[in-house]
Structures are given as structure tokens and as C-alpha cells.
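Dear colleague,

I am passing on the structure that we spoke about, and below it I have set out what was found in it. Please read the notes with the structure open beside them.

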Amino acid sequence: MSIITRANLTELLSSRRLVIDPILDEAKQIGELSIDLRLGIDFLITSYTRNPYIDIDFDGKRIDNHFKKTRRQIGDQIVLYPHQTVLASTLEYIKLPSDVFCELKTRSSYNRLGLSVSTIIQPGYTGCFSLELTNNNLSAIKLTTGSRIVQAIFHRVDTELDYLHSVRKYLCQVRPVVSRADKDEELKKLKSMRLGRKNSYKNEEE
Amino acid sequence: MTVSMHKNYLVIELCQLKSKLLELTDAQYFTNALVNYHQKLVALVEKLILSVISLSAEDYKRIERFKEYISFLQESLIYLEDSTLNITPYETIFCLEKVLKDWDETPPIIATSLKAGNYHFRGALSQNGALADLIQKEFDIEFSEELVQIGIPQLEVYNYLYNIVIYHEVGHYIDQLYDISYSTGNEVFYIKEDKSKSEEATINHLAEHFCDLFAAQYVGPLISEYLDFKAENDSDSESHPSTKSRIEVVNDFLNKRPNKIVDLLTNAIKQSADNRELKVRFEVPSTESFEEYLPHIIKDENELHGVYQTAWKIWRNRETLLAGLSAEQSFDIINNLTGKSIANYMIKQSWKS
């Protein structure tokens, strides 16, 4: 496993094995070890609801209800309040080669503001990258859509992986999508184990 | 009712309008043009209140005019209020702005409404073109740009495959702007003495044919396919021609076959719309990018309007072109790729400028 450097990144882009669209400023975005990506225009913002907590359970209440959709135009701004989580996505649509995975990190300048993103994207992924932004600062932060907020570091793996043809929860996304943690199949099993235990305690008491 | 009694009602309505307009002062509109328009409305309502208060008992004739101004303010307010939405379909508006530039020297400001109901596209001033002049003369406030509202049903706000319907609705706005169906209908009815339909039906039918042709210029046969889906068995009525004839007119236009209605409207457009012409204004991109799960890189405005046909082509053939995916997944992917193709073109244009 090795980091792909500038010359090879450019070659991957020219051959369209790696697709990133749009790249608005190649000189500024493509670095020696990474490619800077921009903040997109669609957001899902956490908000207070009548439900006191987000319930990650099989058949639990919908997670969507805890988020509000909002959009901006490129160059517009959005405020992140302290400790608020905002789901965003990259402005760029990306298709990774089947033998390259990507490590996504906040650019240093944004890390220093108390914003952090650290995600791994699987080989073959296609769509805009999801950005889970949380403001860890005590002050609110106003971000500009279209600004270079994260850097993508590309690593080659030794086997080709077939991302598109395996079962995926997130495919060709162009705007942020609420967590589908509640759709994990094993939650069904875990729930039945929990309920089974409750019933057996109840029977013992009776 | 006396002038004094009218004044009581007019002042209430104007105060209500002023209060609502001021509430919207800090609203985040999606264009500066809407902010400027809003400021002009505030100035107008303030001047109207002063004018109404100063009306004398002899000013009875001016009452109707004030009612017209109030209607205009009310209509504009509805448009603006809906435009503070934060889920605006920018991609759709971008396509329509390009269409309007083809047809209007001073394209209107577009406001959006995403309430339940049908697709529509209408202007606040276009119902009464002289009103802007009157406002300027009387109050020295210039509404040089028309404010139009695109209505998209809330459910369809990000359904780019249905955007084709709005192209037909824009046709109604252009028809009104140049008086195309009305003047042509009169000519058919009185000069050519074709009285097979009532005068109103003649005008209405020509208006619908014009809008179908207008849409077909940009989205091609998708407009007739949509008509076939929505109104397959509809026959002639006072308001609409039969679906069969509407589809025939569109298909004749696209296939360059002779058709009397196409000829009639082509001539009318040349005369009324400053020599503009009905012509194909799209180029259909290949499905190659979508098949690779990638947005298409749109090269020009013809492809911008043509990308809807690419989307529909792949949607119709999803079982072979996107094999192994459920219908729901296929729709999401095609729709996302269509929206992103338009968005990327829009972002690149904006970055260059």
C-alpha cells in the first residue's frame, strides 16, 4: 500500500481511471500528495425535534427527522454552531479506481478552527464524498461553499475491489444522505436477542 | 361605497402588506435581483399608503387603480415569500434562465414556489403590462424586470426527469409576452374565417400547441411522451386540443413534416417575437457517462437541454444498461447524475465568469 503522488494522480485523471469533476483550479487543487476538494452546496443540519434522542435500532424512529435540508449557491455561506453536526458533501463528483482507496482529512487551516473530518472511502466508490462536519470550537464558524476544505490522499491496494456490484447503502450520491446505521441487518438480530432476554426475565418472574 | 369607506379598506390592506414585506426584509433570497425587487415593493407600499390617505372625495376613479396596485403587491409578495426557501432547485432555474435569454431581451427575475399543486410559470406583471408604466409615472419606482414564479410541486423538487414539464409552462409566459396565440387566434377566426371552433377555443388551442412546440425545441419528443402519459385519451375541449393532435403537431415539427399549425405559429413568432424562430435547440448527449455511473460533462447549452433525453433513454433501458439494480436505485442514480451534470456545468460557468 503506497500513497499516490502528483505525477501518478495526473496520469490517473488523464486516463479517467480516477474521475473528479469539476476540478475548478487544477494548479491549486492538485498537490504533491493529495487533491484538495471543495465544500458542496447541499447540507443536512441537525436540529431539535420532539424525539429526545436518535434511536439506532431496527425499526426505530426515522433518523431523517433529526436533520433539516438546506442548500446554498456556490460562494454562499453557512454557519456551523458550536458542537453542531452538519452533513455536507464535496462539490466534486468522484469515481475511484477499483484498486485505490482514499483517505479524506480536513485541510490543516480548517483543523485549526476546530473542524475535523477523517474518513476512508473504498476503492471503486462513485459519487460525491460525504463530509461529516462538527464544529468543536466554542465560536460559531461561517464556511463558504466551494472553498477547499478537505484533502484527499489516495492509496493503492494490492487487489481490485468490485464496489459497484456489491450491495451498497450509498451509491452515486450527489448530496448528503442521513446515516443509514439503522438499516444494518444485524440490528434485527440484536433486537430479537434483547427482546428474547426481556421475555425470559418476565417469564421467570411470573 | 364612498371614497372614504374605500380608503378604510385600502389602508388596512396596504398596512398588512407593508408589515409582511418588512418581515421579509432580512430574508435570504437566492439572488440579489430579488433583494432589489423587494426593496422596490417596500418603497411602493409606503408611497401607496400616503397616496390613499390623501385621497379626496372626488378621487373615486382612482380607487380601481389602487386595487390593481394592491393585487400586484399581493401577487409579488406571494412570489417573494416562497423564494426564501432553502431547498431551491438551482439546476432547474439555471436551465430556464438559459431558455428565457433565448426569447427575452430583458429576462425576468425568477422566484420559486414549491407548494403542492401543478407546475406553473407566471408573471406578476404580465397580466397587466401597463401597470409598470403607471407605477413609474405615478410613484417614480421602476419595475423594469418582470418577476415570474416557477411553481414546482414539493414532491418533484429534485425530480429532474420531470423538468420537461416546466419548459411547456415557460411557453405560456413567452406566448403572453409576444401575444402569439391571441393574435394568431384572432387572425384564424376573423380573417381566415375558420369558425370550426369558438374564438376562445381557437386561441386556447393555439396557445397549447405553441407551448408544446416551445418545449419540443428544448426537450424534443419527451414533451409528447409526457402528454401521452398524462392525457392519453383527452379529446378536444374548450381549453385544450385533443392529446392526439398535440402529439401530431410536436412530432411533425421535430420530424420536419408539413403541418398547418406549425407553419401558422412559425410565421406568428417571426412577426411578433422579433424574428425569432421555432427550431431544435437541443443535442442529446450519449448515455456512455451515465452507464459508467458518472455525470455527463455538458459542453454547451444545446447539451444542457438535451441531457433530459439522455436521462430518459437510460431510464427506459435501465434493465439492460443498469442491470442488477432495483428500479428505485436506478431512478435515484439517473436522477442524481442528471442533476449533477447540470450542476457541474452551472458551477464551471459561474467559476469562469
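**Notes on the two chains**

Asp274(B) is exposed, because 10 other C-beta atoms lie within 10 Å of its own, and a residue counts as exposed when that number is 12 or fewer. Please keep in mind throughout that this is a predicted model. Asp274(B) sits in the loop that links helix H11 (260–272) to helix H12 (288–291) of chain B, and its phi is positive, at about 45°, although Asp274(B) is not a glycine. Most residues other than glycine have a negative phi, and most peptide bonds are trans.

Asp179(B) also has a positive phi without being a glycine, in this case near 60°. It belongs to the loop between H6 and helix H7 (180–191) of chain B. Is Asp179(B) buried, partly exposed or exposed? With 14 other C-beta atoms within 10 Å, Asp179(B) is partly exposed.

**The sheet of chain B**

Chain B has an open sheet of three strands, arranged in the order S1-S3-S2, and the pairing within it is mixed. Strand S1 (109–113) and strand S2 (120–123) of chain B are at the edges with a single partner strand each, so one side of each has no neighbour in the sheet. From one strand to the next, the twist averages 25°.

The two pairings can be taken in turn. S1(B) and strand S3 (residues 147–151) of chain B run parallel and are joined by five bridges, and Ile109(B) has Leu147(B) as its bridge partner in S3(B). S2(B) and S3(B), on the other hand, run antiparallel and are joined by four bridges, with Gly151(B) in S3(B) as the bridge partner of His120(B).

Helix H4 (residues 90–103) of chain B touches S1 and S3 of chain B, and its direction makes about 145° with that of S1(B). Helix H6 (residues 164–178) of chain B touches S2 and S3 of chain B, and its direction makes about 20° with that of S2(B).

How many of the five residues of S3(B) are buried? Five of the five are, so S3(B) is largely enclosed by the rest of the structure. In a regular strand the side chains alternate between the two faces of the sheet. In S3(B), Leu147(B), Gln149(B) and Gly151(B) point one way while Val148(B) and Ile150(B) point the other way, and all of them are buried.

**A helix pair in chain B**

Helix H13 (residues 301–316) and helix H15 (residues 327–352), both of chain B, pack with their axes 10 Å apart and at an angle of about 165°. That angle makes H13(B) roughly antiparallel to H15(B), and the crossing of H13(B) and H15(B) is right-handed. On the H13(B) side the contact is made by Leu304(B), Val307(B), Tyr308(B), Ala311(B), Ile314(B) and Trp315(B), which meet Phe331(B), Ile334(B), Thr338(B), Ser341(B), Ile342(B) and Tyr345(B) in H15(B). By class, the residues of this contact between H13(B) and H15(B) are ten nonpolar and two polar, with no charged residue.

**Chain A and the contact between the chains**

The contact between the chains takes 19 residues from chain A and 21 residues from chain B. On the side of chain A that touches chain B, strand S2 (19–21), strand S5 (67–71) and strand S7 (85–95) of chain A each supply at least two residues. That side of chain A has ten nonpolar, five polar and four charged residues.

Elsewhere in chain A, the peptide bond from Asp21(A) to Pro22(A) is cis, with omega near 0°, and Pro22(A) lies in the loop between S2 and helix H2 (26–29) of chain A.

Lastly, Ile149(A) is part of strand S12 (residues 148–156) of chain A, and it is buried, since 24 other C-beta atoms lie within 10 Å. Leaving aside residues up to four places away in sequence, Ile149(A) touches Arg38(A), Leu39(A), Thr106(A), Arg107(A), Tyr110(A) and Leu143(A). Ser192(A) is 43 residues from Ile149(A) along the chain, and the C-alpha atoms of the two are separated by 43 Å.

With best wishes

Terms used:
Residues numbered from 1 in each chain as written. Chains lettered and ligands numbered in written order. Predicted model: local features only at pLDDT ≥ 70, side-chain atom pairs only at ≥ 80, totals over all residues. Axes fitted to C-alpha atoms, helices over the stretch in contact; angles between N-to-C directions. Parallel < 35°, antiparallel > 145°, perpendicular 65-115°, else oblique. Left-handed = near helix turned anticlockwise from the far one by under 90°. Contact = placed C-beta atoms within 7 Å. Nonpolar A, V, L, I, M, F, W, Y, C, P; charged D, E, K, R; others polar. Pairing = 2+ DSSP bridges. Buried ≥ 20, exposed ≤ 12 C-beta atoms within 10 Å, placed from the backbone.
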